[in-house]
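Open your viewer and get your selection tool ready. We will walk along the chain together, stop by stop.

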Amino acid sequence: MSNPMKPAPGPGLPTPPKGWPIGSYTTYAEAQRAVDYLSDENFAVQDVTIVGVDLMQVERVLGRLTWGKVIGGGVVSGAWLGLFFGLLVGIVVDTNPLVPLLFGLVGGIVFGVVSTSIPYAATRGQRDFSSTMQLVAGRYDVLCDPRSAERARDMLSRLQP
């Protein structure tokens, strides 16, 4: 009998990458270009893996948040959502099509303002900026199955910088 709390090994579980290094690049675009070159040269790219090394979580600050920006963003996003639902209701309901659009617009704006204002107010000024998050690597290694790594390394040596 197997333990139901222990996950069974399978294809969906993360596993460390295997293979020999055939190239190391400072950007993902360079590593992708190398693999694309191998593909163009009819190399079996299913034996190749791009591995991000020295991972960093980078938060890029986009700008300062104010109540005006928060409420304005809520109005705009809520208006789009309200118009969408108003159009859907207008298609189904047999009335003047402007009535569901108007109700959807007003309801969407109210929903948008409330759904953006409450989380912003909850921060109490501790996070007055907007940002995006990215996961980036310090370098990108290209690994290859050992049986064909030497051939791949030779091919990449001919790739123009």
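Here is a short tour of the helices, a surface patch and the salt bridges. One thing to keep in mind throughout: this is a predicted model.

**Stop 1: the two annotated segments.** Select residues 70-93 and 99-122, which UniProt lists under "transmembrane region" in an unreviewed entry. Residues 70-93 are 96% helix and 0% strand, with end C-alpha atoms 33 Å apart. Residues 99-122 are 100% helix and 0% strand, and there the end C-alpha atoms are 35 Å apart.

**Stop 2: the nonpolar patch.** Now show the side chains of Leu81, Phe84, Phe85, Leu88, Val89, Ile91, Val92, Val93 and Phe111; they form a nonpolar patch on the surface, with about 880 Å² of accessible area together. Which helix gives the most to this patch? Helix H2 (residues 67-92) does, with seven residues. Click on Val92, which lies in H2: its relative accessibility is 69%, so Val92 counts as exposed.

**Stop 3: helix H3.** Next, pick out Pro100, Gly104, Gly108, Gly112, Ser117 and Tyr120, which are buried in H3. H2 is among what covers the buried residues of this helix. Just past the end of H3, look at Arg124, which takes a positive phi of about 50°.

**Stop 4: the salt bridges.** Side chains of opposite charge can pair when their charged atoms come close. This structure holds five salt bridges.

- Start with Arg147 and Asp47, whose closest N and O atoms are 3.3 Å apart. The pair links distant parts of the chain, 100 residues apart: Arg147 sits in helix H4 (residues 146-157), and Asp47 in the loop between helix H1 (28-40) and strand E2 (48-64). Arg147 is exposed at 65% relative accessible area, whereas Asp47 is buried at 18%.
- Move to Arg127 and Glu59, where the closest N and O atoms are 2.6 Å apart. This pair also joins distant parts of the chain, 68 residues apart: Arg127 is in the loop between H3 and strand E3 (129-144), and Glu59 is in strand E2.
- Finish with Arg139 and Asp141, at 3.0 Å between the closest N and O atoms. Arg139 counts as partly exposed at 32% relative accessibility, while Asp141 counts as buried at 12%.

Conventions. Residues numbered from 1 in each chain as written. Predicted model: local features only at pLDDT ≥ 70, side-chain atom pairs only at ≥ 80, totals over all residues. Heavy atoms only, no water. UniProt positions renumbered as here; feature names shortened; annotations may be inferred. Helix = DSSP H or I, 4+ residues; strand = E, 2+ residues; numbered from the N terminus. Patch = residues over 30% accessible without salt bridge, like charges linked within 9 Å, V, L, I, M, F, W, Y side chains within 5 Å. Areas by Shrake-Rupley, 256 points an atom, 1.4 Å probe, with all protein chains shown as cover. Salt bridge = Lys/Arg side-chain N within 4 Å of Asp/Glu carboxyl O. Buried < 20%, exposed > 50% of the residue type's maximum accessible area, 1.4 Å probe, protein only. Contact = heavy atoms within 4.5 Å.
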